[in-house]
Amino acid sequence: DASGNGFVTARAKLEMDARQRRGLTGSPSASVSPQSDNINRAMVLEMLCGADGELPEKLRNLEPRLIEHVSNEIMDRDPNVRWDDIAGLEHAKKCVTEMVIWPLLRPDIFKGCRSPGRGLLLFGPPGTGKTMIGKAIAGEAKATFFYISASSLTSKWIGEGEKLVRALFGVASCRQPAVIFVDEIDSLLSQRKSEGEHESSRRLKTQFLIEMEGFDSGATNRPQELDEAARRRLTKRLYIPLPSSEARAWIVRNLLEKDGLFKLSKEEIDTICNLTEGYSGSDMKNLVKDASMGPLREALKQGIEITKLKKEDMRPVTLQDFEKALQEVRPSVSLSELGTYDQWNKQFGSLS
Ligand code: ADP
């Protein structure tokens, strides 16, 4: 077919460019020029070729620049998050392990009766670890991680969303095992028919749902906007709530210990936990960041110059630093929002 041929030709030509370039400079990726763009593209395409040096069937009809965008911007070969980096959420971790990680590690066992559910929806307030879970799935299952924000498909890739989605799923199928994490999935699969919903965005949605049949995960802060078709495909729906008091303590301790700044007593940690009811994981991180500026500001106030400051000149972070930071960093999720999540969870969430 014509476009298939076009593609193969393009690839052959690009490889030649790459070789020529290497011959010329000895350093293929040093400069940003049309040639080095081509080299980059050739390397991306090379990486996706099978042992026979041929581009897989699924990719032949796709535009090289889209494949390249997926490989460079959306694909993350080393997501670098493990379960142990995520505070609390024991229930979610257990479900995700059984439902996604084991099947990725042992597809031979998860067949027939044990065929895994197709889509996993993580929903809940922003900043509670949904993206971290997506990355940890890939990390634990040694899978390639693809991250795409659904709103970018409808805003940045106007008119090209469908093609990009096809490229995304195409590349992912060549890099298996793969986890595709769709952020803000509500903006793609929303039930709200805005006046402006064109034929094209309906097609995008339909295509997405079809492609999704074989793949894994999505996250949303607005589950109530998912329509029935989307809900049906996201068979497992896990509520990722705000962190418990223990999880908040863990985040504080873990972040400070990493930097050798931890010297709080059990009572002081308890006080911080009592004062941070309703804070998300990401609020807690911001709080720790702000509190850890306390010792630095104090040292500088005493007249030490920043360029001469030694780490030993700074005291550990104290409860007072946190009390000050609490005035700056407020919880980002409101009570009424939490009510909406609870309600949706009761109606549509998976209990196990
Ligand atoms: P979202 O639920 O919006 O996808 P993220 O996973 O992107 O949230 O979390 C944002 C940041 O907040 C993380 O990078 C991490 O630093 C912190 N965070 C959120 N939840 C947790 C958690 N459960 N454990 C540890 N850190 C967390």
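Which residues of strand 2 (residues 120-123) are buried on one side, and which on the other? Select the strand and see: Leu-120 and Leu-122 are buried on one side, Leu-121 and Phe-123 on the other, and both faces are covered. Buried here means that 20 or more other C-beta atoms, placed from the backbone, lie within 10 Å of the residue's own. Strands are DSSP runs of E with at least two residues, helices runs of H or I with at least four, and both are numbered from the N terminus.

Before moving on, a word about the model. It is predicted: local features need pLDDT of at least 70 and side-chain atom pairs count only at pLDDT 80 or more, while totals for chains, interfaces and linings use all residues. Residues are numbered from 1 along each chain as its sequence is written.

**Next, the neighbouring strand.** DSSP must find at least two bridges for strands to pair. Look for Lys-236, the bridge partner of Leu-120.

**Then the core.** Select Ile-137, Phe-146, Leu-168 and Val-179, the residues with the most contacts inside the largest nonpolar core, which has 74 residues. Such a core is a set of buried Ala, Val, Leu, Ile, Met, Phe, Trp, Tyr and Cys residues joined through C-beta atoms within 7 Å. Helix 7 (residues 161-174) gives this core its largest share, seven residues. Now centre on Leu-168: leaving out residues up to four places away in sequence, Leu-168 touches Val-70, Ile-74, Phe-146, Ile-148 and Ile-180. A contact needs C-beta atoms, placed from the backbone, within 7 Å.

**On to the ligand.** Show the 18 residues that surround it; the closest are Gly-129, Lys-130, Thr-131, Gly-281 and Ser-282.

**Last, colour by pLDDT,** the predictor's confidence in each residue, from 0 to 100. The chain mean is 79, and 80% of residues reach 70 or more. Among the elements, helix 13 has the highest mean (97) and helix 1 (residues 2-25) the lowest (32). Over residues 1-32, pLDDT stays under 50. Where pLDDT is low, the predicted coordinates should not be read in detail.

Methods:
A residue is buried if 20 or more other C-beta atoms lie within 10 Å of its own, exposed if 12 or fewer, and partly exposed in between; C-beta atoms are placed from the backbone. Two residues are in contact if their C-beta atoms, placed from the backbone, lie within 7 Å. A residue is near a molecule or strand if its C-beta atom, placed from the backbone, lies within 6 Å of it.
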